[in-house]
Every structure is written in structure tokens, then in C-alpha cells.
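Reader: Please take me closely through one part of this structure, and then show how the rest of the picture connects around it. I would like the cut-off behind each term as you go.

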Amino acid sequence: MFIFLIAQQRTHWILSQIQFFLYFLKKKSFSDVSLFRNTFLFIINPEEETVLSKGWMSFILLTYVECLWTVFSLELVVAEYHRKIKEAFEVFDHEANNTVDVREIGTIIRSLGCCPSEGELHDLIAEVEEEEPTGYIRYEKFLPVMTEVLLERRYRPIPEDTLLRAFEVLDSSKRGFLTREELIKYMTEEGEPFSQEEMEEMLSAAVDPESNSIHYKDYIAMMVVDES
Amino acid sequence: MSTHDLEDMGCGTSSSTKDRKSEKALKAALVIQNWYRGYSARLKARQRYALTIFQSIEYADEQGQLQLSNFFSFMLENYTQIHEKDPELVARLFGRTLQDSKDRQEYVSFVDVPDSYNGPRLQFPLTFTDIDLLVEAFKQQQILHAHYVLEVLFETKRVLKQMPNFTQVKTSPTKEITICDRGKHSMEILMILFVSFLVYPNDLHLNRGNHEDFMMNLRYGFTKEILHKYKLHGKKILQILEDVYTWLPIGTIIDNEILVIHGGISESTDLNLLHRIERHKMKSVLMPPISIDEDQDTDLKKTKTGANVVPREGKTNESPSEQLPKHEWEQVIDILWSDPRGKRGCYPNTSRGGGCYFGPDITSKILNKFQLKMLIRSHECKPEGYEICHDGKVVTVFSASNYYEEGSNRGAYIKLCCDMTPRFFQYQVTRATCLRPLYQRVNTMESSAIRILKERMLSRKTDLIRAFQLQDRSKSGKLSMGQWAFSMENTLGLNLPWRSLSPHLVTTDKNGNINYMSTFQDIHIQKPVKEAQSTLIETLYRYRSDLQIIFNVIDSDHSGLISMEEFRAMWKLFNSHYSIHIEDFQVDELAERMDLNKDGSIDFNEFLKAFYVVHKLEKLNKSDGQSP
């Protein structure tokens, strides 16, 4: 598409259009749209009109409208994300002074629908912490970082079938279940190991007391129902 | 990291398969761990949301008390009008203390313990065997006979009367001090505490809390619990209990360094004053003293008490006034109701409707002023059972685990040694036995919280619908998430995470817009009388706990009945003070229908109980709704 444009005459202002488009989209700022508008007015200056074909005019018009629409809906989306993040944050802000304990950040991020690994969580915390860590995270630092995470749709949750396949991998003999000892071994020795508390919590819900094993298909089904 | 490395040695060709296998296992483990951590975090967040709901509603209820308290002041100011119509009523309302004059013998001797009683029998003077006996009996769900209850209460009152407003305690190398909080009302806990106190009066120290207040008992159902458990003698027990409350010390001071009180402090807290006041005159947070000067005091007493008995002479040095002066009353309220906050300064505690919020600067100032080092208090439910704030100077301890619902919070207690560093011990009643997994406990807690939230919404249905319709210009029945959340927060006055809670409360369409009427589709208030108007029903439902308190106050002999005139008089006052737009004749009609015996008296408990919420999708149909 770009090559096509470059081949046309008067390309300099088409390029500057695209520049503006990219510029204010990145900034997500409404005030920059006015820049775009001014450029557009320059475009439809009557003297210039005869130079462009109607086809190109409609193309540019559509692009302009699409930009505006993207900017508007982006603004709305961002505003809604801000409020959602604020709500989740406030629930853990016990002192009502816009800070939360750093140990609760993982819970907040996950409650907003993201599933970072422990390593990814550590990186995020490093981003929102103060230069000299105080043990508390301030809302002002948390908000922009979390907004980016939500906009970029980072750390998407694991789909149900991926989870099922993961269990099936560990269940090499395809019995349909894992023994208690096997699950403990995998969860506490592989990957990002569980703490003892996490292990106990998972076992309390996952283990079928009669067979003392984990029928993972039923377990997953139960958890999925619980979440919805 | 992985034990597979060891197995790889010496087996060249299969090592790559083993590597691949172990890599797959690693990836699989990562997936499961990642998913589980996400799930577990969301569970914890849901738990926290439910807790926030419980707390907001509890605090909002307490805020409603301020209005009720104002109503009583309003009633007092208008007493001349009531007085002309019904001097009896006034005397009953404002002459509560006259029941003090009942003699111990008179009560206890009338209550016999039948031979068939197989509950615990206490021997006076009490010893530690009685404590064991009680604990064992209560574990088996037995009820202590009224005779013993009354004996214990009288004895407790006698001992408490001799104690100063602040108990002074010293630690020693051999003695440890444990600090905890009573938690939810329960007759059994109270009995164990009082009996233990009587057995070890120098080792167990009790402080008064904000729920050691007969008005609060009315509101939160403790009165009901007692009247239910002790059908014959419940009223007597209540009367003595109310007395015992007023004699509980205000606080404890440990080693002249640590102050232990229930709520908190304010910038005007004056411990020297508090040491001197007559604490038993502090009846209830809901009955503030009239702010008139001393000269008018005696005249007012005369007209108020009318034909009733003059206060006892000779037994005590009590002044004719039955109440504390206003500034002293306020001091006690601050002690019992305040909460610490991070913000500096001292400002009114609007969530509770009494006491204040005090900042770290206030703490430093007051502690320094009275040469104290630490403040230990309770009053707020903390998820971990305790919390330290204000730079280590203020400690909150909350001992009732699962306060709102199973799984809501841990309980904790503190042990102090003579080197003064406190040690915290946490517990949770269900955790030790671990009968139910976390997700089930969270589900229970969550559905309980959502239910009371829906009932709250129902009690404000008219206001909510009006707010929604204001925003819904196109009358589509839909609002955006932002609009809905805004209306909810403004109308209900509850600061809750509405966006996260919306899936439980309303239905949404494909575009993410909220069908705001969907909440009201599966719940409604059961109408006790079919012909009654919805707005009347809704108003009565909304104010039912306030009305219950007011009626209980009128019905000072706890008979459960009030006369039609009393009902009408009270309703008129209530109507005007709360600015409710219900016509008198509507209430009259309703009352007449509720007077089933047609004998001119209304069983108001039945009347108010008739207003319960029906949740169509749930089997439960009994919900007076209040926190127990």
C-alpha cells in the first residue's frame, strides 16, 4: 500500500498524513487529532482538489474517519480499563491511600484476567516498584503499566484444552489420573515450583479422597464451572 | 532442577528423547502452575470482594445509627407533645435506669432450676471446674439455665462495680498477657467470659466494646437470641445484662505503657477525664444526652420522670442526673467507635456514624501526652486477624475468625512479655480441620455477600430505578457499564468494585451493555398484606431494623406488643424526621390489618418479620437479613 502511495504525485503530504496517523495513535491523545484535521483541511483545499482523483479522496476520507473512530473507541476503552484497574486496586488498598502491599500485586493482576508466569510477574513488579523498594506499590505507577498490559492483551489465560493436554503429558501411561505423589513431584520440582501452601491448597480440591488420586478431567471441568 | 539429568548418564541414543520428554514435562508443569496460580489469585480476589461487601454494608448500617440517634434526640426535643398524649410513654422511654432498683434476691429466688434440667450446674463461689463444665456443655449445644445466668450476671455486676474505669495491669517474667476480642455476640461466649472473670478476677480483664450496648444488641439480634433461648426469663436477663454492660471498664493500661481499648482515640481524648467519669451512666451510643446547661437539668428531670420513683438514696452517691454530660459521653463514644487511618488529622467517622478517624499524628500526640507507648484495639475485622499501623504504635487485633462467613478472615490474639514486643498468633477455625477446600468456602462466602447486596439493592429499588432511568435517555432498558456503576455507587453509597461484581448482579447483552432491571427480576419483597402499596412495603423493609429498635424501646417490658396509639405516635414522628412520604392513613390501614387479634395491640416483631425478601432462584425464604 505504501509503495503505491509513494508512486503518486504530492506524496509528501500523504506521507505526512500517515506520519500524523501513527503519531497520535501511539500517543492515544485526542488533542493530536486536531493536527490530523488541519492536515485534512489542507488536503481538501479547493486549489488542490483537481490534482487528486475522487478514488484517492474517498480512500483518505475513510482512513481519516477510521482514525477518528479508533481514537475515540480507544479513549473509551482506556477510560474503562482505568476504572476497572482502579476498582481492583482499591479493594486491596486497606489504608485508602492509593498504595497496596507488593505481595498482593500478583493477585490484583490476575484478578483482572491476566495470567503472567512467576517470572513475568517479577518483571512487572520491578516496573512498578519505587527506585528504592518500600514494600508498597503506588497506584500512580501501577496504572499506566497495567493499562498497557490490558491494551496489548498480554498474558492471556490458558485455554481449557491446553490445560488438559498438559495433564495428559504428565500422565504418560494415559490412565486418566495422576497419583498424589506424582502431582506433588511435578508441581514442586518442575517449572516454577509450588510452595508447600500452594501444593496443599491444590491437593485439597483436586484429590479424590476415595482413590487418593487426581482425575484431572473432572477436576478441570469443576474449576471451569466455578470460574464462570 | 530436574532429576532427569541423572538418568541421562550413559545412555547416548535415548538421551535426546529423554530431553524432549523432560522438556515437555517442564512445559506441562509450567502450564498447570501458571493456570493454578491464576485461578488461586482470582479465588482470593473473590474472597476479598465478598469481604468488602460485608464490611461496606456493616459500616453503612452503623451509619444508619447516626440517623437513628438523631431521631431519639428529635423525640426528646418533642417530648412535650408526646408527654401530653402519653406520659407513660415518655417515662418508659427516658426512665430506663429505674430498673436498677430491682433487688438480686427478688430475681434469682423466683427462678427455680427443675430437677429435670440436665445442663451444666454451677457452684458458687465459682472455680475453674465450673469453667470446664461450661465449655464442655456448650460444645454439646446445651443451654445454661436462666437461674445460673442471672446469678453470674449479678455477681459480675457486683465485682465490676468495684473496678475503676481503667484497669491497671502489670506484666512479669512469669506472666504473659493475651489480648483478644469477643467477636460476634453469643450468649455462650459471654457466659464463659463472665464465669472465667469471676474465677480469675485479677487475671482476666474485660473492656467495654461498642456492641456492649443494649441498643446495638437490639439491632444486631443478640436481644432476639436471648429472648429466643430464654422464653420465660429472657427479659430479666436482658435487663441485668444491660446494667452489666455499663459497668464494664472502659479500658486497660498495661505497665503504664500500653493502652488497650476497643475502638480508638480522637484528638480531644483526655484520659485523666475518663479516669474520673461515672462510666455506668453511659447507656448507649444511640441515646446522646441532651445538651442543656445544669440549671435546667433538674427541672427537666422532674417533668420527665413525672409520677415515677425518685432515684435510690443512700446506696450510692449518684447525682440526680441519669446521664453523662455531653462532652464526657462524646469521649466515651470516641474510645468505643474510632478507627485509625493513614491520613493525618482527626475527622468524623462517617462510615460508622460515631467516633472519628484518627491519623498517625493524633496517635503520637495522645500517646506522648499520657506517656504511653502503644495502643492496642479491636473493632475492625482484618483478613489476617491483626494489623499494625501508625509506625507500630497502633495494633488492631480481631479474634473472631470467619466473622462474616466461613472463610472470611483469620482470628488472632497477642501475647505480651515483659520486654514488650508483642507476638501474634493466628488461627482460623476451619483451617485446622480443613474440611472444605478453599473454593467451596469462597463460594459460600461469595453467595452470601451477593445475597445481602441484592437485598440492599431491593430496599432502595425505587431510588435505583429512578437513577437508572435518568441516565437511560432512550428508554432502552440498557446502560453502559460506566453509567450503571456510577448510579449504583451514588444511590447506595457503597464504595464497591461494581465492574467486577456486575456478572453476579445483572445480565449483560452482546455489546457489553447492562440490562439494569435484570437484578429485580428474581427477587422481591414478600408482601405481608397483598393490598399494600409497593413503596410502602419498600420503605418499611428498608427501615425495618430502625423500626425494630424504636419499637423495642417503646416496649420496655419486652412483651413484644405495642398499642395502636403508640404505633401511630411513633410512626408520625418517624415519618417527619426521616422525611418519608407515606400517608398516615396508609400506615394506619396496614397496622389495622396487622392487628390480627383486633385487640388494639400489634405484635411488632411479627409485623417486621413479615417483610422478608424472596429470592426466586434460591430455596431460602427466611431472611431478616441482618448480620447476626
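Author: In H23(B), the residues Met564(B), Glu566(B), Phe567(B), Met570(B), Trp571(B), Leu573(B), Phe574(B) and Asn575(B) are buried, where buried means under 20% relative accessible area, exposed over 50% and partly exposed in between, using a 1.4 Å probe and protein chains only. The model is a predicted one, in which local features need pLDDT of at least 70 and side-chain atom pairs count only at pLDDT 80 or more, while totals for chains, interfaces and linings use all residues. Residues are numbered from 1 along each chain as its sequence is written, chains are lettered from A and ligands numbered from 1 in the order in which they are written, and side-chain values use heavy atoms, with hydrogens and water left out.

Helix H23 of chain B runs over residues 564-577, and because its 14 residues at 1.5 Å a residue should span 20 Å, the 20 Å between its end C-alpha atoms agrees with expectation; the expected span is 1.5 Å times one less than the number of residues. Helices (H or I, at least four residues) and strands (E, at least two) are DSSP runs numbered from the N terminus. Just after H23(B), Ser579(B) takes a positive phi of about 50°.

Elsewhere in chain B, Thr396(B) lies in strand E10, residues 394-397, and is buried, with a relative accessible area of 1%. Its side chain is joined to that of Arg377(B) by a polar contact of 3.0 Å, a polar contact being a pair of N or O atoms within 3.5 Å; within protein, one must be able to donate a hydrogen and the other to accept it, and residues adjacent in sequence count only if both atoms are side-chain atoms. Leaving out residues up to four places away in sequence, Thr396(B) touches Arg377(B), Ser378(B), Glu380(B), Lys382(B), Gly385(B), Tyr386(B) and Glu387(B), with contact meaning heavy atoms within 4.5 Å.

Glu384(B) sits in the loop between strand E8 (374-377) and strand E9 (386-389) of chain B, and at 40% relative accessibility it counts as partly exposed. Apart from neighbours within four places in sequence, Glu384(B) is in contact with Arg410(B), Ala412(B) and Gln426(B); its C-alpha atom is 9.4 Å from that of Gln428(B), 44 residues away along the chain.

Turning to charged pairs, a salt bridge is a side-chain nitrogen of Lys or Arg within 4 Å of a carboxyl oxygen of Asp or Glu, and the structure holds 29 of them over all chains. Glu87(A) forms one with Arg499(B), the closest N and O atoms being 3.1 Å apart; this pair crosses between chains, from helix H5 of chain A to helix H20 (residues 498-505) of chain B, and both residues are buried. Within chain B, the side chains of Lys478(B) and Asp509(B) meet in a salt bridge at 3.2 Å, N to O. That pair links distant parts of the chain, with Lys478(B) in strand E13 (residues 478-479) and Asp509(B) in the loop between strand E14 (507-508) and strand E15 (514-515), 31 residues apart. Salt bridges that share partners also join Glu80(A), Arg83(A), Glu87(A) and Arg499(B) into one network.

At the interface, 47 residues of chain A are in contact with 46 residues of chain B, and the area buried between the two chains is about 4,300 Å², of which carbon and sulfur atoms give 59%. In chain A, Glu87(A), Glu190(A) and Asp226(A) lose the most area to chain B, together 14% of what that side buries; buried area is the accessible area (1.4 Å probe) that two parts lose on being put together, summed over both. The count between the chains is 6 salt bridges, and Glu201(A) with Lys44(B) meet in a salt bridge at 3.9 Å, N to O. The elements giving two or more residues to the side of chain A that touches chain B include helix H5 (54-92), helix H9 (160-170) and helix H12 (216-227) of chain A, and H5(A) gives the largest share of that side, 8 residues.
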